[in-house]
Amino acid sequence: MTETHPRFSLDFFRRRSVRVFRPDAPPKEDIQAIIDAAYLAPSGHNKQPWRFYVCKYDHPAVQRSKVTAKAFAQEKYNTDFQKIADSVGLELNEDPIYYQAPIIIYVVACGGFPNIQQLDCGLAIQNMLLAAEHRGLATAPVFMACYGKEEIMAELAPHRATLDAQDAAPERIVDKPEELLLAICVGYRDAPRDSDRVMPRNTNKALFLYE
């Protein structure tokens, strides 16, 4: 890989998915800054097909879905949660879905072009992860939470009208379904940074078709 350009943010290279969080929640303004970074992401025809529901760990959407998601993963995919717990230093009886992170951000797609809305939201998610790193916060994007999506969306549904009402472009989302894409765990790391596992990266995935 190329050397870091002095003007290139080190946040990009320092970011890791953290699995051990402190129980104290970051200030709300830090979470808002993460959301604001998502708003800057590009999207097809500027449709901005993303929505964000921000919950604390004790919210029913989190507590109900962590049980369902774990059970589904064990039954459907034979997921070895003991192995996962051992690899990240958790006790098996602790939460292997959200890792007891104090803040959970549910990323939901709504509107936009059906064939690219997930790509658009992916761009927003990467902005969020880097913005969190820049503010000294730890994150973990968790797809496994979607195994409990019925419980999550049922708990979020009563709040949709509020989000619809504050949307600056309601014509983009009226009568459009919401699709849960990902949960992002956010908080402060409860382990030294040098204990982070650095997963191997294959750096031979590009081919230059010119000299």
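Modeller: A residue is called buried when its relative accessible area is under 20%, and please keep in mind that this is a predicted model.

Colleague: What makes C146 buried or exposed by that rule?

Modeller: The relative accessible area of C146 is 7%, which lies under the 20% cut-off, so C146 is called buried. C110, with a relative accessible area of 2%, is buried as well.

Colleague: How do you know whether C110 is bonded to C121?

Modeller: A disulfide is a covalent bond between the sulfur atoms of two cysteines. The rule asks for two cysteine sulfur atoms within 2.5 Å, but the closest cysteine sulfur to that of C110, the one in C121, is 9.6 Å away, and that is too far for a bond. The count of disulfides by this rule comes to zero.

Colleague: Why are β1 and β3 said to stand at the edges?

Modeller: The open sheet has four strands in the order β1-β2-β4-β3, paired antiparallel. Because β1 (50-56) and β3 (138-142) each have a single partner strand, one side of each is left without a neighbour in the sheet.

Colleague: Why is β3 described as largely enclosed?

Modeller: Four of its five residues are buried, so β3 is largely enclosed by the rest of the structure.

Methods:
Residues numbered from 1 in each chain as written. Predicted model: local features only at pLDDT ≥ 70, side-chain atom pairs only at ≥ 80, totals over all residues. Heavy atoms only, no water. Pairing = 2+ DSSP bridges. Helix = DSSP H or I, 4+ residues; strand = E, 2+ residues; numbered from the N terminus. Buried < 20%, exposed > 50% of the residue type's maximum accessible area, 1.4 Å probe, protein only.
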